[in-house]
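Here is a short report on one structure.

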Amino acid sequence: MFRHVVLMTWKQALDENQAARVRAALDDLGARSPDVRSFSHGPDAGVRPGGGDYALVADFDDADGWRAYSAHPAHDVVREVMRGLVASQAVVQFEFTPAGEGAA
């Protein structure tokens, strides 16, 4: 499996309308991208200070699945919604074996 993780920091706190647009665009992206196997996102819970403001985690069968997701037209909507909101982001991608698989 291939995991894509994005950690974002906002330029300033989002108002309710901005937060709703972010949620809706990401929900749509996750639902419309056929290569997505698992998709979750949300604002920082605030339990530990110093974290980012928002995170997204998406799983795919392989890197080609991520490439198709990245090229999906719904991703362009997300990019447009995020434009002007994101001060910085960090992206990490890695391959993994789901728990319970591959163990003898």
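In this predicted model, α1 and α3 pack with their axes 9 Å apart, at an angle of about 165°. An angle over 145 degrees counts as roughly antiparallel. The two helices α1 and α3 are therefore roughly antiparallel to each other. Their crossing is left-handed. From α1, the contact is made by Arg21, Val22, Ala25, Leu26, Asp28, Leu29 and Arg32. From α3 come Ala74, His75, Val77, Val78, Val81 and Met82.

Next comes α2, which covers residues 63–71. Its buried residues are Ala63, Gly65, Tyr69 and Ser70. Seen down the axis of α2, they fall within an arc of 155°, so they line one face of the helix. The face turned away from that buried side carries the exposed residues Asp64 and Ala71. At the start of α2, a side-chain oxygen of Asp62 comes to within 3.2 Å of the backbone nitrogen of Asp64.

The buried residues of α2 pack against these elements:

| Element | Residues |
|---|---|
| β1 | 2–10 |
| α1 | 16–32 |
| β2 | 36–43 |
| β3 | 54–60 |
| α3 | 73–82 |

Strand β3 holds Asp59. Is Asp59 buried or exposed? Asp59 counts as buried, because its relative accessibility is 7% and the cut-off for buried is under 20%. The side chain of Asp59 makes a polar contact with the side chain of Arg3, at 2.6 Å. Leaving aside residues up to four places away in sequence, Asp59 touches Met1, Phe2, Arg3, Asp35, Val36, Arg37, Ser38 and Phe96.

Definitions and conventions: Residues numbered from 1 in each chain as written. Predicted model: local features only at pLDDT ≥ 70, side-chain atom pairs only at ≥ 80, totals over all residues. Heavy atoms only, no water. Buried < 20%, exposed > 50% of the residue type's maximum accessible area, 1.4 Å probe, protein only. Helix = DSSP H or I, 4+ residues; strand = E, 2+ residues; numbered from the N terminus. Arc of directions from axis to C-beta. Contact = heavy atoms within 4.5 Å. Polar contact = N/O pair within 3.5 Å; in protein donor to acceptor, adjacent residues only side chain to side chain. Axes fitted to C-alpha atoms, helices over the stretch in contact; angles between N-to-C directions. Parallel < 35°, antiparallel > 145°, perpendicular 65-115°, else oblique. Left-handed = near helix turned anticlockwise from the far one by under 90°.
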